[in-house]
Amino acid sequence: MDQLLILALDASNFILAIILVAMGLVIIFGLMNVINMAHGEFFLLGAYTVVMVESAGGHFWLGLLLAPLFVGLVGVVLEELVIRHVYHRFLDTILATWGLSIFIKQAVVLIFGPASLTVTTPITATVEIVGAPYPVYRLFIMGVSLAVIALTFWLFFRTRFGLTARGVIANRNMASCLGINTRRLDRMTFAFGAALAGLAGAVMAPIMSVDPQMGLGFLVPAFLAILVGGAGHLAGTLMGAAVIGGADTVAANLWSSVVAQIVVFSMAIVAIRLFPRGIAGAWLKQ
Amino acid sequence: MTAWSQASLRHAAPALAVGTVLLLAPLQLGGYQTGQLAQYLTYGIFAMSLALVWGQGGLLCFGQAVFFGIGAYAMSVTTLDMLPGIGTLGSTWLGLVAAIALPALFANLLGRFLFYGRGLQGAYFGIVTLSIAVIAERIAVNWKWIGGLNGLMNVPPLNLGLTGDGYEIWGNLPVYYVTLAVAALVYAGLQALIGSRYGTVIRAVRDAEERTGYFGYDTAGVKLTVFTLGAALAGLAGALFVTQFYFASPPLIGFTLSTEVLIWVALGGRGYPLAAFLGAILVKYAEAKLFEFVGAYWLLALGALCVLSVIWFPRGLIGEAIYRFEGWSRATPEQAQ
């Protein structure tokens with residue numbers, strides 16, 4: 001029973017981490033129809049912002065605060081320079097953002113070197129959960145993820161911005177005809193998505209080794225979570241992340257992390273093929 | 001010359017020019033460089049396979065290296081006599097058959113699963129193939145029989161004998177010309193396919209799948225054929241590569257090479273096999289030439305170039321040139337009249 005509880009805690013931890021990365025991704029995908037392959041690198045930039053702040057003598061918390069702002073700014077610039085030119089060419093957005101991803105990753109290698117760096121863990125305390133010590137910082141990450149989920153849902157379902165945004169998702173032309181500035185909305189969406197990725201990178205940095213490859217490890221599970229859940233719904237991403245993260249944790253416990261990845265990715269592919277509109281899509285249709 | 005042969009000559013002019021340059025290239029290059037160029041030719045064949053799948057078929061495949069890798073491993077396992085029960089039959093020929101058939105079979109089964117029924121649309125296909133590339137690399141790294149992380153070493157070169165003890169194609173020049181001949185054959189085959197009626201159907205499925213379906217074409221079947229054929233060609237390229245490189249390892253099957261080939265083809269031009277072929281060769285050549293001077297800035301430049309090319313030259317840098325040349329050579333006869 002205790003072991004089950006720890007397993008559930010590990011699973012929630014991984015699930016919430018995936019959600020943290022996937023939220024920005026699904027907002028950009030759902031609203032702008034852009035597959036952002038550079039999302040992993042936005043995550044990376046968030047983590048390196050903390051590294052920069054710490055090496056300049058600042059505290060971790062300052063880095064955590066600055067990371068979403070900085071990466072959001074990068075998002076605005078890249079949207080203006082690159083993304084807006086390829087909106088109307090759907091598959092090309094994948095390529096353009098893939099080029100961006102190589103560029104950003106290599107820029108990080110040039111500035112910080114390819115070796116992995118570490119970020120000080122700001123909270124070193126542990127709490128006892130069913131007799132085993134559990135790092136408080138992991139609980140903090142889960143809290144941040146829950147806060148991000150709440151913020152995103154509030155933003156999309158309780159504010160005027162959210163109403164406009166959902167209008168654009170439903171019918172871009174009609175929304176534009178009704179006087180909504182879709183151009184401004186796109187820019188804000190991309191910046192918001194990028195900022196979320198930056199926040200995710202910053203908050204995860206203390207428990208990961210910060211190196212230029214760290215973004216990719218989360219990108220694929222996040223994409224699969226979105227597709228398994230159903231790209232059309234925010235709630236779908238939560239379900240998808242729960243399925244992917246939960247299955248991965250259980251499989252890793254039963255066998256090994258390698259087998260878990262192979263099994264979960266394969267399962268996800270089958271699920272995407274059987275439910276192209278995702279779990280949420282299949283569920284809401286009934 | 002008749003008007004028709006003039007037109008077809010102009011049409012083939014870029015390919016003939018490239019072919020001539022490649023035929024004469026060893027005269028200028030040293031032995032080592034010729035060997036390198038032979039390796040780039042296999043990458044060129046690989047790039048042409050993606051140009052078929054992506055440029056013609058519209059299937060943005062993020063896992064084309066899976067088929068290249070299966071081809072490379074199939075060739076290695078066969079010629080290293082690792083297959084139980086075939087005795088000394090593990091020849092180059094059997095290796096080639098396996099290296100073409102296995103990727104094609106895998107692509108066919110995968111395609112049957114992905115294209116039929118409700119089917120997967122554009123970006124979904126990309127992400128699914130991306131995941132498959134990650135899975136394939138994981139499996140290759142952890143599969144002891146095919147060498148795991150260390151891969152398979154001492155893969156023999158091409159051998160013309162039926163049982164693996166005949167004439168060996170060895171040395172930079174013979175290997176180069178054999179590879180060039182295969183590349184030319186693949187190119188000619190692809191051009192024939194693209195120019196045929198079926199080629200038009202393939203592009204119709206790419207541009208308007210639903211409408212083509214209404215005309216009575218089995219659009220999923222067309223996509224399946226293109227995907228399978230592309231995988232077979234990628235497998236062939238992988239097999240040729242490994243007989244020159246003598247070493248099959250997990251990076252050949254994974255994510256990194258899959259995205260590399262995507263960049264060669266994007267920069268070269270996905271619409272023309274020739275452009276994709278040259279894209280691969282030129283990017284690899286520039287990488288070898290420039291890496292010692294610019295080092296890590298090379299990848300930075302490549303990423304930036306990829307972005308700029310997608311924005312301003314969606315046909316690719318070489319593809320744009322070929323496109324303009326074709327437009328120019330089409331326009332001349334009328335202007336002359």
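pLDDT is the predictor's confidence in each residue, from 0 to 100. This is a predicted model, in which local features need pLDDT of at least 70, side-chain atom pairs count only at pLDDT 80 or more, and totals for chains, interfaces and linings use all residues. Residues are numbered from 1 along each chain as its sequence is written, while chains are lettered from A and ligands numbered from 1 in the order in which they are written.

**View 1. Confidence along chain A.** The mean pLDDT of chain A is 86, and 99% of the residues score at least 70. Helices (H or I, at least four residues) are DSSP runs, numbered from the N terminus.

**View 2. Packing of α9(A) with α11(A).** Helix α9 (residues 214-229) and helix α11 (residues 257-274) of chain A pack at an angle of about 35°, their axes 9 Å apart. Axes are lines fitted to C-alpha atoms over the stretch in contact, and angles run from 0 to 180 degrees between N-to-C directions. L224(A), L227(A) and V228(A) of α9(A) meet F265(A), A268(A), A271(A) and I272(A) of α11(A); residues are in contact if their C-beta atoms, placed from the backbone, lie within 7 Å.

**View 3. Surroundings of V21(A).** Leaving aside neighbours within four places in sequence, V21(A) is in contact with F43(A), A197(A), A200(A), F218(A) and A222(A).

**View 4. Contact of chain B with chain A.** Chain B gives 31 residues to the contact and chain A 34 residues. On the side of chain B, the largest share, 13 residues, comes from α5(B).

Conventions
Two residues are in contact if their C-beta atoms, placed from the backbone, lie within 7 Å. Helices (H or I, at least four residues) and strands (E, at least two) are DSSP runs, numbered from the N terminus.
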